[in-house]
Amino acid sequence: MVLDDATLIAYLDGQLSDAECHRLEERLAHDSVAAGRLDQLARSADLARRAFEPVMQEPVPPDLIAAVWRAPLPASGAPSPRRRAANSGFWPRVGERLERMRWGWGGMAGAVAIAAVVAVLVLPYVPEPNASADGWALRTGDVVRGDALAVALDTAPSGRSITIGEGTAAVVATFETREGFCREVSRQTSDRAFSELAILCRGDQESWRVVFAEGGAKASYVTASSQRQDRADAVLEALGAVPLGDSAENELLAKAWRR
Amino acid sequence: MHDADPRAQIVSLLPRLRRFACGLTHDPPLADDLVQAACLKALERWDQWQAGTSLASWMFRIVQTTWIDDYRSRQRRPEDTPIEDLPDAVGEDGRELVERRSELRAVRQAIAALPDDQRAVLMLVTVDGLSYQETAEALGIPMGTVMSRLSRARIRLANQLGHAGGRHGLG
């Protein structure tokens, strides 16, 4: 066996057979020059990896993620998640909505298994103030801009459960209203101790304004959330909201919310 | 978990694609442009990806060909490259950090100075950890070519860093 650089590199890259490794290691034990060279090659490879580690550590720019999500879904791809309001005239009954929210939007037609359509998209970690209800809760009048929730609202199709910071969010549906385009979103902290339902309307400059938000601890979840749904529906009705179908929504996502 | 939506699959690869593109371009903002162009291209040609094969390898190949076809000719000269825009690793301080910064800067400069074809192989095998076979598939070259390019890149890197650091030289 020739102890050249190529062999040492193949050894470091785990590309030699066990027998070759064994022979090489025996040679290295008695050849300090080759052992030194191996060390040098290993060290430079380690440095090369570490030199690019910061790129892996930093969050992916939200604009880049958004650009991928805004791309049209390939025609030959798997069927996109089907969902709700488009098929049901107006937003469905409270019970149905609740059920779908709980399961992350199963298909209305029931043709697609729920597990298959609940996709989890991991956005770059954006620190939330803290995971407590106080730190998490949205308030009416808040403007959301530039964080993971804003990216989700800008780019995620309805029906997706999205990991953001210390919890998950699912965009429930998109509506055209007197206030412009609005989206209903359901969020919960990762420990599921706190959940909230919110409606945000898109403003200028990629911001979303909270027009309805109501959250609470899990203990009162079922009762509170059905009342929460009723109040959200009342807000939507007051806004003259009309739910958008899949194709209209996809078009808006692709055009970055320009009409 | 595999998501049926190709966009979700591509989003999950973005950190690795950005790192590869950073190595190719040695210009982080340009790297993000390149990755975005490559992702959109991949979605346009999604029917060409064979399910069951490595999506990462396929995506690396599109990044590489997009770089060669659309970007390299517009590349800034090496002396202008703002590679030091790369963020520094977090969580360290003091003398060690300063030493490490300058060392890693030297490594990035040494990699930036490699010929394009050697740099691509080095980024995929040494930095990303692909096997020689996967790298051959990703770059559309024979495995023997992967090995020879990798050897040249690694030897050059080791020699430069060995001399720069004054350690581990063969003497």
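**Entry 1: the interface of chains A and B**

I looked up the contacts between the two chains in this predicted model. I find 45 residues of chain A in contact with 50 residues of chain B. I then asked which elements of chain A give two or more residues to the side that touches chain B. They are α1 (5-12), α3 (32-51), α4 (53-57), α5 (62-70) and β1 (120-122). Of these, α3(A) gives the most, with 14 residues. By residue class, I note that this side of chain A divides into 28 nonpolar, eight polar and nine charged residues.

**Entry 2: α3(A) against α5(B)**

I next examined how α3(A) meets helix α5 (residues 116-127) of chain B. Two packed helices are described by the angle between their axes and the distance between the axes. Here I note that the axes come within 10 Å and cross at roughly 95°. Because angles of 65 to 115 degrees count as roughly perpendicular, I record α3(A) as roughly perpendicular to α5(B). From α3(A), the contact is made by A:Ala45, A:Ala48 and A:Arg49. From α5(B), I list B:Leu122, B:Thr126 and B:Val127. The residues of this contact divide into four nonpolar, one polar and one charged.

**Entry 3: chain B as a whole**

I looked up the secondary structure of chain B and found seven helices and zero strands. Read along the sequence, I write the pattern as α-α-α-α-α-α-α. Chain B has 171 residues, of which 42% count as buried. I also checked the sequence separation of its contacts: among those between residues at least 6 apart in sequence, 65% join residues at least 24 apart.

**Entry 4: the largest nonpolar core**

I then turned to the largest nonpolar core, which has 95 residues. Which residues have the most contacts inside it? I record A:Ala152, A:Leu200, B:Val63 and B:Leu122. Helix α1 (residues 6-25) of chain B gives the most to this core, with eight residues. B:Leu122 is also one of the α5(B) residues that make the contact with α3(A). For B:Val63, I looked up its neighbours, leaving out residues up to four places away in sequence. B:Val63 touches B:Leu17, B:Phe20, B:Ala21, B:Leu34, B:Val35 and B:Ala38.

**Entry 5: α1(A)**

Last, I returned to α1(A), one of the elements on the side of chain A that touches chain B. Which residues of α1(A) are buried? I find A:Thr7, A:Leu8 and A:Ile9. Just after α1(A), I note that A:Gly14 takes a positive phi of about 65°.

How values were computed:
Residues numbered from 1 in each chain as written. Chains lettered and ligands numbered in written order. Predicted model: local features only at pLDDT ≥ 70, side-chain atom pairs only at ≥ 80, totals over all residues. Contact = placed C-beta atoms within 7 Å. Helix = DSSP H or I, 4+ residues; strand = E, 2+ residues; numbered from the N terminus. Nonpolar A, V, L, I, M, F, W, Y, C, P; charged D, E, K, R; others polar. Buried ≥ 20, exposed ≤ 12 C-beta atoms within 10 Å, placed from the backbone. Axes fitted to C-alpha atoms, helices over the stretch in contact; angles between N-to-C directions. Parallel < 35°, antiparallel > 145°, perpendicular 65-115°, else oblique. Core = buried A, V, L, I, M, F, W, Y, C linked by C-beta atoms within 7 Å.
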